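Subject: Structure for you to look at

Hello,

Here is the structure you asked for. My notes on what was found in it follow below.

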Amino acid sequence: MNTPDSDGLLAEQLLRLTRRLHRVQKRQLEPIGITPAQARLLRTVSSYDKPPRMADLAQRLEVVPRAVTSLVDGLEASGSVRRAPDPTNRRVVRIELTDTGRATLRALRVARRSAAEDVLAPLTAEQREVLGGLLSTLVDGCPERHH
């Protein structure tokens with residue numbers, strides 16, 4: 001039976017694991033020369049069928065447009081994305097992945113796999129499957145409440 005103490009301990013363990021994942025991810029991203037926020041933006045840009053607008057990215061990432069502008073500026077400076085005019089509306093700017101951006105995404109995928117392997121190493125294949133199912137239940141079953 002779950003007690004408030006055991007639920008509190010579980011929440012603390014999840015927070016500690018999350019912090020560890022962030023540390024491992026940050027260590028993996030440093031050689032790639034990209035921040036976690038830039039990595040998330042790059043993955044988001046790549047998820048669209050056609051280059052998204054800044055507003056699309058801000059909405060998908062749930063951040064203010066100014067934050068997207070700063071991230072795009074950094075990624076554009078490194079050559080990972082470029083701003084391109086919309087073919088049908090000159091006032092609209094779309095964000096395109098470059099070849100450099102695609103290569104960065106490949107490096108990110110390798111880094112994420114390596115980070116996950118590092119964290120999950122103590123688990124057997126069966127334990128990983130169980131954990132995946134439990135995490136899916138938690139993620140899908142708990143819509144975030146906006147205060």
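Glu76 and Arg83 form a salt bridge, with their closest N and O atoms 2.4 Å apart. A salt bridge here is a side-chain nitrogen of Lys or Arg within 4 Å of a carboxyl oxygen of Asp or Glu. Both partners are partly exposed: Glu76 has a relative accessibility of 31%, and Arg83 has a relative accessible area of 29%. The classes are buried for under 20% relative accessible area, exposed for over 50% and partly exposed in between (1.4 Å probe, protein chains only).

Before the rest, some notes on the source. This is a predicted model, in which local features need pLDDT of at least 70 and side-chain atom pairs count only at pLDDT 80 or more, while totals for chains, interfaces and linings use all residues. Residues are numbered from 1 along each chain as its sequence is written, and side-chain values use heavy atoms, with hydrogens and water left out.

Salt bridges

The structure holds eight salt bridges. Glu76 and Arg83 belong to a network of salt bridges that also takes in Asp73. Asp86 and Arg94 form another, at 2.5 Å from N to O, and both of these residues are buried. Arg102 pairs with Asp99, and their closest N and O atoms are 3.0 Å apart. These two residues lie three apart in helix 5, so about one helical turn separates them. Arg102 is partly exposed at 36% relative accessible area, whereas Asp99 is exposed at 59%. Helices (H or I, at least four residues) and strands (E, at least two) are DSSP runs, numbered from the N terminus.

The core

The largest nonpolar core has 19 residues, and Leu41 and Leu42 touch the most other members. Two or more residues come from each of helix 2 (36-46), helix 3, helix 4, strand 2 (93-97) and helix 5 (99-120). Such a core is a set of buried Ala, Val, Leu, Ile, Met, Phe, Trp, Tyr and Cys residues joined through side-chain atoms within 4.5 Å. In soluble globular proteins, nonpolar side chains tend to be buried together.

Leaving out residues up to four places away in sequence, Leu41 touches Leu57, Leu61, Val68, Leu71, Val72 and Leu75; contact means heavy atoms within 4.5 Å. Leu57 sits in helix 3 and is buried, at 0% relative accessibility. Counted in the same way, Leu57 touches Leu41, Thr44, Val45, Tyr48, Pro52, Val68 and Ile95.

Helix 2 against helix 4

The axes of helix 2 and helix 4 come within 10 Å and cross at roughly 90 degrees. The two helices are therefore roughly perpendicular to each other, a label that covers angles of 65 to 115 degrees. Helix 2 contributes Ala37, Gln38, Leu41 and Leu42 to the contact, and helix 4 contributes Val68, Leu71, Val72, Gly74 and Leu75. By class, seven of these residues are nonpolar, two are polar and none is charged.

A backbone detail

Glu62 has a phi near 55 degrees, which is positive although the residue is not glycine. Most residues other than glycine have a negative phi. Glu62 lies in the loop between helix 3 (54-61) and helix 4 (65-77), and is exposed, with a relative accessible area of 68%.

Regards

Technical notes
Axes fitted to C-alpha atoms, helices over the stretch in contact; angles between N-to-C directions. Parallel < 35°, antiparallel > 145°, perpendicular 65-115°, else oblique. Nonpolar A, V, L, I, M, F, W, Y, C, P; charged D, E, K, R; others polar.
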